[in-house]
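Subject: Structure handover and notes

Hello,

Here is the structure I promised to pass on. Please open it alongside this email. My notes come after it.

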Amino acid sequence: MGGRPSSPLDKRQQQHLRGQVDTLLRNFLPCYRGQLAASVLWQISRELGPQEPAGCQLLHSKKLPQVREHRGPLTQLQGHPPQWQPIFCVLRGDGRLEWFSHREEYENGDRPLGSTVLTGYTVLTSQSEYLHLLDTLCPESSGHHTQEEPDPLLEMPVSFPLFLPHPFRRHLCFSAATAEAQRAWRLALQGGIRLRGTVLQRSQAPAARAFLDAIRLYRQQQGHFGDDDVTLGSDAEVLTAVLMRELLPALRAQTLPGLRGAGRARAWAWAKLLDAVHAAVLAGASAGLRAFQPEKEELLAALEKTIRPDVDQMLKLRERVLGRLQANVQGPLESCLRRKVDAQLPRVTQSLLSAVEAELAAVQTLLTQGMDRLSRHLRGSPSSTRLRREVYSFGEMPWDPELMQTCYREAEQSQGRLGQLAAPFGFFGTQSLVFGAQDLAQQLMADAVATFLQLADQCLTTALDCAQAVQQLEKVRGRVLKELPEFEGDVLAVGSPALTIEGIYEDVIRGVLLQRINRELKNALGASNMSCTLDGCSELPWDQAETDVETEAQRGTCSRQPGSSTEV
């Protein structure tokens, strides 16, 4: 299946794509500038406003989200015509996948044969499922395979495959030697995909918040009012995905008829053509955002200087405008919500809440097992070396994909239920919700582990014997577990204040809708006898990472975490 597109992108096609990117940036950047002002106002108002009483006393882990480095031999379908060839593959801690001809090339620091960031990929371990996906790419020619272009995937069944399809990039096809290696690679790759996908959502930077809001507004201007997974990735990757979706219908109509090959070979040729278009668009979007970077930094600094001295007056003005708008829209809005939302809200709330409850229960179970394991080792009077090793393993639990899979699986299994939101609400962002829940589980586990280790360090002294030390750990264990349920009430909180008529208008609608969500959450949580602290909560916490997302697409790599790697 090595069919190529009828022709590579020529100069005229590349120039056309540059023009498309320029048009996108010209229309998008004004939205971005406006949302930067709104985001700075929101941040300053949060800093200066009354602080809500802390609902949870867990410490915040200082470790940045990461992927445990994973490496080992695989085979890859590559070349022209494609053949299965042995490689040595490395997943870096920042979610970048690299592959080398031999292990020695990796150990010598040589350049890899190839590499890619994992944003937007999915992992399939079923050969039949991947072949079916190829058939759907070119449905008009699926099932027709010519003798001139044989299909290696059909001629050589793969025992332990790892297929990585992407909606706009060339597919990656790997194979492991054993089922154990396949599972380890699948979990590692899924962690890398999630890490790359949620970089903007995890950031505290005002520019990240502004960028996501600007993308939403820009797409509304283009007539897209639903919600999907287009915001997964860095800023340049998100802009690229937005433009690729706009270009896709014309690309299909203009290029599919001229592609060589048949059946799945033709589907691969289509994926290769999309990869070339994606690379050109990504390069243009990255260059445009780099060119905008100095202006953005100056604008943020100027906004800080102008907004902070007058923030009280601006917020008072916002409240006056909000009151007038609310008086005008309250009646029609309440009528609309009664007709279109109230009947659906209990089912939606239960779908989201059941997923979160199951995942947090899995976190609590896993954490309890880890703390109990430490107590057992301490009770058995281990050597100091072994005890240090056990403490280190406990501290690495949030970054262990095999252990955390028990938590992540709960979110993955809820994806089908979350898909029911598409019909009544036009919501197609289920992958974003799943990733967000998995990020929440990892952050919660990291915070709980950090809290346990710090409290244990404070209470354990050399004067204690093993029995006394175990008693102290039991007290710490109970204190940490007591805090976990406090997170549950914050999951569905939303909000976005902004000092623009459009932003305030949206805030009025969100405020009324949030009241209904709070009421339904309290009913649901009260029925299940779970604690909830939603009063006064209007914003999902933005303290999950400290990543500078603005240069994510340009950097491409992050510092590696020492001592955290696996090899199969």
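Below is what I found, sorted by region.

One caution before the details: this is a predicted model.

**Strands**

Start with strand E1, residues 69-78, and strand E2, residues 83-91. They pair in the antiparallel sense over 9 bridges. Within that pairing, Thr 75 stands opposite Pro 86 in E2. The two strands form a hairpin with 4 residues between them. Gly 79 sits in the turn and has a positive phi of about 95 degrees.

E2 also pairs with strand E3, residues 96-100. That pairing is antiparallel too, with 4 bridges. Here Phe 88 stands opposite Phe 100 in E3. E2 and E3 make a hairpin, again with 4 residues between the strands. Gly 95 in that hairpin takes a positive phi near 85 degrees.

Now look at E6. It runs antiparallel to E5, and 4 bridges join them. Phe 163 stands opposite Cys 173 in E6. E6 also pairs with E1 in the antiparallel sense, over 2 bridges. Gln 76 has Phe 174 in E6 as its bridge partner.

Which way do the E6 side chains point? Leu 172 and Phe 174 go one way, and Cys 173 and Ser 175 go the other. All four are buried.

The loop between E5 (161-164) and E6 (172-175) holds Arg 169. Is Arg 169 buried or exposed? Its relative accessible area is 17%, so it falls under the 20% cut-off and counts as buried. Its side chain makes a polar contact of 3.1 Å with the side chain of Thr 116.

**Cysteines**

How many disulfides are there? The count comes to 0. A disulfide is a covalent bond between the sulfur atoms of two cysteines. Two cysteines worth a look are Cys 31 and Cys 173. Cys 31 is buried, with a relative accessible area of 11%. Cys 173 is also buried, at 1%.

**Aromatic pairs**

The whole structure contains 10 aromatic pairs. One of them is Tyr 32 with Phe 211. Their ring centres are 5.5 Å apart and their planes lie at 75 degrees, so the pair is edge-to-face. This pair links distant parts of the chain. Tyr 32 is in helix H1, residues 11-48, and Phe 211 is in helix H6, residues 206-221. They are 179 residues apart.

Both rings belong to buried residues. Tyr 32 has a relative accessible area of 2%, and Phe 211 has 1%. Ring pairs also join them to others: Phe 28, Tyr 32, Phe 211, Tyr 218 and Phe 292 form a cluster.

**Arginines over rings**

Two arginines sit over aromatic rings. The charged end of Arg 194 is over the ring of Tyr 408, 4.5 Å from its centre. Arg 209 lies over the face of Trp 42, 3.8 Å from the ring centre.

**Arginines at H7 and H8**

Arg 260 lies in the loop between helix H7 (235-255) and helix H8 (263-307). Its relative accessibility is 55%, so it counts as exposed. Arg 260 and Trp 270 are 10 residues apart in sequence. Their C-alpha atoms are 9.3 Å apart.

Arg 266 is in helix H8 itself. Buried or exposed? Arg 266 is buried, at 8% relative accessibility. Its side chain reaches the backbone oxygen of Leu 256 at 2.3 Å. Arg 266 and Cys 138 are 128 residues apart along the chain, yet their C-alpha atoms are separated by 7.3 Å.

**Helix H15**

Helix H15 covers residues 430-459, 30 residues in total. At 1.5 Å a residue, it should span 44 Å. The end C-alpha atoms are 43 Å apart, which agrees.

How many of the residues of H15 are buried? The number is 21 of the 30, so the helix is largely enclosed by the rest of the structure.

Best wishes

Key. Residues numbered from 1 in each chain as written. Predicted model: local features only at pLDDT ≥ 70, side-chain atom pairs only at ≥ 80, totals over all residues. Heavy atoms only, no water. Disulfide = S-S within 2.5 Å. Buried < 20%, exposed > 50% of the residue type's maximum accessible area, 1.4 Å probe, protein only. Phe/Tyr/Trp six-rings, centres within 6.5 Å; stacked < 30°, edge-to-face > 60°. Lys NZ or Arg CZ within 6 Å of the ring centre and 35° of its normal. Expected span 1.5 Å × (residues − 1). Pairing = 2+ DSSP bridges. Polar contact = N/O pair within 3.5 Å; in protein donor to acceptor, adjacent residues only side chain to side chain.
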